[in-house]
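Please look through the sequence and the structure shown here before reading the points that follow.

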Amino acid sequence: FVVHVATLELRPMAFGLSQHHSAHTSDARCVTGCNGLVASGGRDSKLKLWLPGGEAYTVQEKKWVNAVTWIAPGRLRSCMHGGIVTGSQDGLIRIYSLQEQQLHLKHALLAHNAPVCSLSLLDRHGQLQLLSGGWDAVAKVWEVQSAEGSECPVTTLSGHENNVCVIGLANGHIITGSSGVRDQNTDGVTGFQLRVWQNALIVQRIAQDDGGHAGAIRDLAAIRSSAFASASNDGTVSIWNLSETDVNYVCAVKLAVPSESFVFSLCYVASTDDESSAATSGTIFTGDDSGELCVFDLSLESVRMPADGIPCRAASPVQRIHHPNSLWSVAIITAATKSPQTEPLEMESDARVQGNHSVATACADGVVRIFSADQALQRPLAEQQKSLNPPLVSSLPAEQEQDFSMSTTLPRSSERGQFSGPAPGAISLFLDDEAAGGTEATGPLAVVAFRWPDTDSGDGDTWVKLGPVLDPVSKKARKEQQANTQKQELDGELFDHIIPVEVDSVSQGELSLLLGVNVGDDPRSVAAKFCQKHGLMDEYIPQIAMFVEASV
C-alpha cells in the first residue's frame, strides 16, 4: 500500500481534523494527493478524486483499488495537467490524466499476475519511472514516458517472498520489502526482508538476522536521497541510512507504535535543516491496525542513535490520533501553490516544497480524513470528536446491557422514526421490541433488519422492514454453555473453538487451515493474526473476521 510522496518541510505542530469524506462503501484502502487535490481507492472498486470544495469525481474500476499515487503536472507527457495511477486487485495498473477536474484513462498496463499493492514514482535523470509491487512476488520498473496504450517497457525484479512493496531513491537505488512465506515446519511466516537494487541487481539484503524486521514488511518511504524508512507487522518503523564507510544501509532510528499493532503505512516530511544535518530529522507519520495515526518527531533526542550504535526505540509519538477502525494508508497532501490546470509543479523525490500541507488517512470504516496543523482549517472539536469517535446508541437498561454480548448498541425498532438512513437503500439493524404486540418483552429481544427506501421507490421517508436477523445470546448463557464445553488444542494452545477455514490464495493455491478462537476474542484481531501466520493477503481479514464472529 505504498504511496510515494515528496519530501516536505514540517515544524512539529498539533494536527487536527480539517476534512471528513465518507468516501467508500467499504474499506478505504489507499490515499494520495498533491497540489490541494486528494485521491482515494477502496474495496468498493472505486477511485475517487476529492476537489478542494469536497465534491468527488468517481471512476468505477473492475476490482478493489489497493494502491494509488499522484503524477504531478508536467511530469508525464500523457498527463501534462497531472494524473493518478492506481494498482488494482485484477493485476492492472491504470494511469489517468487530470483534465478540467475529471479523470481520463490513458494507459491500462497488465502489470502483475496477482493483486497490485504498491506504487511509487522515481525521477531518474529527468525520466519518470513508475515502480510497482504485487502479490506475485515481483516488483517492476516501468518506463512510463514510453508508454503507448497498454504497452510499456518494463524491467522485472523477481525472487521475493509473496507481497512486495517498493520505492525508489534519488541516488538510483530501488528498495523492496517482502511479506514472507509460510514455513511448513514451524507453521509461521519467514523470509520477509528488505532488498536494495541497483541496475536490476541486488546489492544488499536485510533480513531479521541482519538487524531487519521481525515481521512482514508493509510499507516504505523515501528519506532524503540516500535513506529510507520501512514499516512492519512487528509494530516498528526502521530508518535506514547509507553508511559512509561502505555501500550498505544501516539502521539509524527505530520507532515503535504504542499499540504494538501491525504498521500498515507510513509517510515522511523533512525538517528545514535535514539535508545539512548529519542526523536524521523530520517527522514520520504511521497508520496501524489499531486505527492510530501516530506522529513521530525524529529531531527529539529520544529517537537519536546512541553511542553504542544500537538503534533506540521511541517511547511514544508526539501525537496519537485514534480512528474508529484500522488505518490502511497515510499520505502527505501538499497545498495548492499553483493551478493544476495551468502550471507544472515540480515534485522530485527529494524536492522541498514550501508552504502548508496536510496528512490524509484511509480508514477501514470507508472514510478519508484530512488533518492539518493550521488551526484555522481545523473543524470544531465537537465535529472532530464525532468523526473520530462515532457515538454508539444503546437502548437497553444498564443491568440488561451488561448481560448481553450482542445488540447492546442497537436502538429499538419502535424508535426508528427518530433515525434516517445514511444513504438510499441502506440497511440498518434494530432491536425488535414490537414483536410482542405492544406488551413489554420479558426475554431477549430479536434483531430485525430495516431498509431505508430508495429515492424513487415510492416508500417515502419510512423504514421498510425486511425481517429478523438473529437472536442475541446472553453472556450468562454463553458462559454456562462454555463451562460445559471442553477446550480443544491447536498448535500447543487451548481454544474454545477450532474453526476450519478454506482459502483460495493467489500465491499459495487452495489452503485448508484451522483457526483457534476463544469466546470474547476480538474477531478482527484474530483474523489479522491468522493472516499474518499463514502469509495471507490483508484482503482476507474482513471476511475471516465475519466468519469468526458468526461461528463463535
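1. In this predicted model, 4 strands come together as an open sheet, with the order β10-β11-β12-β13 and antiparallel pairing. The strands β10 (116-124) and β13 (154-157) stand at the edges, and because each has a single partner strand, one side of each is left without a neighbour in the sheet. From one strand to the next, the twist averages 20°.

2. The partner of β10 to look at is β11 (residues 127-134), which runs antiparallel to β10 and is joined to it by 8 bridges. Within this pairing, Arg124 stands opposite Gln127 in β11.

3. Turning to the helix, α1 (residues 381-388) has Gln384, Ser387 and Leu388 as buried residues. These three lie on the same side of α1, because they cover an arc of only 85° around the axis. The exposed residues Ala382 and Lys386, by contrast, are carried by the face of α1 that is turned away from its buried side.

4. What do the buried residues of α1 pack against? Their packing partners are the strands β1 (16-22), β27 (319-322) and β30 (367-372).

5. Ser387, which has its place in helix α1, deserves a separate look. Its relative accessibility is 4%, and buried means under 20%, so Ser387 counts as buried. When its neighbours within four places in sequence are left aside, Ser387 is in contact with Leu17, His20, Pro324 and Arg369.

Note on methods. Residues numbered from 1 in each chain as written. Predicted model: local features only at pLDDT ≥ 70, side-chain atom pairs only at ≥ 80, totals over all residues. Heavy atoms only, no water. Buried < 20%, exposed > 50% of the residue type's maximum accessible area, 1.4 Å probe, protein only. Helix = DSSP H or I, 4+ residues; strand = E, 2+ residues; numbered from the N terminus. Arc of directions from axis to C-beta. Contact = heavy atoms within 4.5 Å. Pairing = 2+ DSSP bridges. Axes fitted to C-alpha atoms, helices over the stretch in contact; angles between N-to-C directions.
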